[in-house]
Amino acid sequence: MLNLVLFGPPGAGKGTQSAKLIEKYQLVHLSTGDIFRANIKGGTELGTRAKQYIDQGQLVPDEVTIGMLESEADKYPDAKGYIFDGFPRTPAQAKALDAFLATKGTAITGMLALEVEEEELRKRLLLRGKDSGRADDQDPAVIQKRIDVYRNETEPVRDYYMAQNKYTGINGIGTIDEIFDRLSNAIDAL
Ligand code: ADP
């Protein structure tokens, strides 16, 4: 299996690149942000619970997120591999993901980390908020909170994969196609 973690701060382009990568490599896309938003839209209990955190730019608690991710992954028993987008976002999630994949006799192949500086992230998120209608992209205070949470809670996940020699940094500045080529080259070298 080819199991990739697509990593990076909010607004780095994970969703855009995932959509292109799943087509090229025939992988299943698991985006925790997308799954939360679908639950919020559908008015599920999980959605109601997650919304309180998302609206404030905070992480949804690990036990909620991990359980949800695992049951979503289990919906695709015949997958050739997965792209994890927006997950893991804490070291506890990363450990849980390793344990989960081990029960399936597989593992993370590599982490690809999109690197984009903060000023550019703020610009991109505000721009996305204008067309996507995502509430968490419209409030500069919520955007800043998400960037801060990323630095404090999520960046350590990078060290987790570095320690396993699975980390590859990718320059996230450029056209969508340029970044896609960089990612594809990195995947082909894994
Ligand atoms: P972005 O990368 O633009 O912040 P996402 O769509 O990945 O957007 O996530 C939106 C929100 O959903 C996050 O700010 C967070 O509140 C919640 N969320 C998504 N993934 C996770 C996760 N793995 N753990 C905890 N919370 C998450």
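Guide: On a 1 Å grid over the protein atoms alone, a pocket is an open set of points where a 1.4 Å probe fits, with protein on both sides within 12 Å along at least five of seven lines, whereas a cavity is a set from which the probe cannot get out; lining residues have an atom within 4 Å of a point. The model is predicted, so local features need pLDDT of at least 70 and side-chain atom pairs pLDDT 80 or more, while totals for chains, interfaces and linings use all residues. Residues are numbered from 1 along each chain as its sequence is written, and side-chain values use heavy atoms, without hydrogens and water.

Visitor: How do you know where the ligand sits?

Guide: A molecule sits in a pocket if more than half of its atoms lie within 2 Å of the grid points. By that rule, the ligand takes the space of the largest pocket.

Visitor: What is the volume of the largest pocket, and which residues are closest to its centre?

Guide: The volume is about 910 Å³, where a volume is the space filled by probe spheres set on points joined across faces, edges and corners. Of the 44 lining residues, Pro10, Lys14, Arg89, Arg128 and Arg134 are closest to the centre. Helix α2 supplies the largest share of this lining, five residues; helices (H or I, at least four residues) and strands (E, at least two) are DSSP runs, numbered from the N terminus.

Visitor: Which residues come nearest to the ligand?

Guide: A residue counts as near if one of its heavy atoms lies within 4 Å. Of the 20 residues around the ligand, Thr32, Arg37, Gln58, Gly86 and Arg128 come nearest. Helix α2 (residues 32–41) gives the most to this shell, with four residues.

Visitor: Which residues line the second largest pocket?

Guide: Its lining consists of Arg37, Ile40, Lys51, Ile54, Asp55, Gly133, Arg134, Ala135 and Asp136. Helices α2 and α3 (45–54) each give two or more residues to that lining. About 160 Å³ of space lies in this pocket.

Visitor: Where is the cis peptide bond?

Guide: The bond joins Phe87 and Pro88, with omega about -5 degrees. Pro88 belongs to the loop between β3 (82–85) and α5 (91–103).
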